[in-house]
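Please keep the sequence and the model in view while reading.

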Amino acid sequence: MWYNNILETIGNTPLVKLNKVTRQLKGTILAKIETSNPGNSIKDRMAIKMIEDAEKAGLLKPGGTIIEGTSGNTGMGLAMAAVVKGYRCIFTTTDKQSKEKIDALRAFGAEVIVCPTNVDPEDPRSYYSVSSRLQKEIPNAWKANQYDNPSNSLAHYEQTGPEIWTQTEGKITHLVAGVGTGGTISGVAKYLREQNPEIKVWGIDTYGSVFKKYKETGIFDKNEIYPYITEGIGEDFLPENVNFSLIDIFEKVTDQDAALMTRDLARKEGIFAGNSAGAAVAGLLQLGSSLKEEDVVVIIFHDHGSRYMGKMYNEDWLRERGFLEDEKLTAKSILKKRGEQAIVTADVAQSVVETFNLMKTLNISQIPVTQQGMVIGKVTESDILSSLLENPMLKSSPVEAIMSKPFPFVDLNTSIDKISSLINKDTQAVLVEDAYGKINIITQYDIINAISEF
């Protein structure tokens, strides 16, 4: 058996039991692994549904242009379908989205316009507004409008919901999913509630989003809106696809908890999933005390971890945001292990021979060069040797004449992996400014010493 094209492989994704990250919870916790779709995301389902419904309605004509505001996953599904069906794609997205997502869209031949995150949806610079303007300006263009397009929810009512019901043999008691456009949770919930009205539906939200307060009070509070890091869930407006009557409660999860749980899914379950999966599991852990042994919980894992390599799966990125404790050696812990050690520098006006004598006296092989206290370069033994072999008269010249570019600066939270990658035959040390503004040097010897004591 074979498929006629890649679009026919969408759906029928596996349901996998979680064993470690949810071990403190009662019940059976299952993950719906949507990464096995050809575009590695659940959005493949609604992307093809929206296109097919638009074709039937005469809204999308042969040779047309598909326009959408997307964080990446919907765009991937639309772009994949556009390749097969012969459409052009133009996507707008926000500058908070991972580079991997944007690069993936461009890999399918889509045009991507990056817009600022921290503006109101009505602002002409927002990715919503820019996509709407393009739809009006470009002939034979159709905007998918995933937030308000009913085909989004319908795809999950027709496909994802029935799959979950069949896979759990009708035993599902709780549905947990991050809420962004609302299509997934609303479509699945509608189908499942028709089979069993007692099924609980828990929506996962993020701080900086309006959903939770709106559900609880009916108030759209702009004071709830502020920038957040978590991708794929939360909004600063109310999409028509969010059916609040079908969602029992919303639970907010911090950026840190979502990011660290995303990482834990790979490390503890072997599941390489995206940021919204981490948020959903973290949210379930916050809500899970009410679960019973007989409960069967299904969590939607929307997309693939490969789209977050520069973020949630990058330890330096996590440390820079204060999300990760010092599990590995960092610049800070290397300095702490080494102890207090004054940095020796050469002034830019010192002669080459004076600088060499200083290095010889202190038995050091490289030295930063400063000008009025600022590091502007470095000199190594090999710099001096090669310069004097070429021109012995340089020994009385200012060291500035032979210095090379300065050692790279790192911050205190930079991991030993990153520091080691910066050190090579041309760069034999890095500089770091401590909490008091004092500059320290970390050499290859310091790194080896720290590892041996770790």
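**A guided reading of the model**

Ile-6 is found in the segment before β1 (15–17); helices (H or I, at least four residues) and strands (E, at least two) are DSSP runs, numbered from the N terminus. The model is a predicted one, in which local features need pLDDT of at least 70 and side-chain atom pairs count only at pLDDT 80 or more, whereas totals for chains, interfaces and linings use all residues. Residues are numbered from 1 along each chain as its sequence is written, and side-chain values use heavy atoms, with hydrogens and water left out.

With a relative accessible area of 40%, Ile-6 is partly exposed. The term belongs to a scale on which buried means under 20% relative accessible area, exposed over 50%, and partly exposed in between (1.4 Å probe, protein chains only). Together with Val-83, Val-84 and Phe-108, Ile-6 makes a nonpolar surface patch of about 320 Å². Patches consist of residues with over 30% relative accessible area and no salt bridge, where like charges are joined within 9 Å and nonpolar side chains (Val, Leu, Ile, Met, Phe, Trp, Tyr) within 5 Å. Accessible areas come from the Shrake-Rupley method with a 1.4 Å probe, and for residues only the protein chains shown count as cover.

Strand β3 (residues 65–69) is mostly covered, five of its five residues being buried. Thr-65, Ile-67 and Gly-69 are buried on one side of β3, and Ile-66 and Glu-68 are buried on the other. Strand β3 runs parallel to strand β4 (residues 88–94), to which five bridges join it; strands pair if DSSP finds at least two bridges between them. Within this pairing, Ile-67 stands opposite Ile-90 in β4. Three bridges also join β3 to strand β6 (residues 141–143), again in parallel, and here Thr-65 stands opposite Ala-141 in β6.

The next topic is charge pairing. A search of the whole structure finds 25 salt bridges, a salt bridge being a side-chain nitrogen of Lys or Arg within 4 Å of a carboxyl oxygen of Asp or Glu. One of them joins Glu-231 to Lys-101, with the closest N and O atoms 3.0 Å apart. This pair links distant parts of the chain, as Glu-231 is in the loop between α7 and β9 and Lys-101 in helix α3 (residues 99–107), 130 residues apart. Glu-231 counts as buried at 0% relative accessibility, and Lys-101 is buried with a relative accessible area of 2%.

Arg-193 and Asp-248 also meet in a salt bridge through their side chains (2.7 Å, N to O). Because Arg-193 lies in helix α6 (residues 183–195) and Asp-248 in the loop between α7 and β9, the pair ties together parts that are 55 residues apart in sequence. Arg-193 is buried, with a relative accessible area of 16%, while Asp-248 counts as partly exposed at 33% relative accessibility. A further salt bridge is formed by the side chains of Arg-125 and Asp-123 (2.9 Å, N to O); Asp-123 is buried at a relative accessible area of 18%. Lys-32, Glu-34, Arg-45 and Glu-163 are linked in a network of salt bridges.

The loop between α7 (211–217) and β9 (249–253) also holds Pro-239, which is buried with a relative accessible area of 3%. The C-alpha atoms of Pro-239 and Pro-121 are separated by 12 Å, although the two residues are 118 apart along the chain.

Helix α11 (residues 331–338) has Ala-331, Ser-333, Ile-334, Leu-335 and Arg-338 as its buried residues. Just after α11, Gly-339 takes a positive phi of about 85 degrees.

Strand β15 (residues 429–433) has four of its five residues buried, so it is largely enclosed by the rest of the structure. Two bridges join β15 to strand β14 (residues 409–410), and the two run parallel. The bridge partner of Phe-409 in β15 is Leu-431. From β14 the chain crosses through helix α14 (residues 416–422) to β15 in a right-handed β-α-β crossover, meaning that, with the strands pointing away from the viewer, the path from the first strand over the helix to the second runs clockwise. Five bridges join β15 to strand β16 (residues 439–443), which run antiparallel, and Ala-429 stands opposite Thr-443 in β16. The hairpin of β15 and β16 has five residues between the strands, and in it Gly-437 takes a positive phi near 85 degrees.
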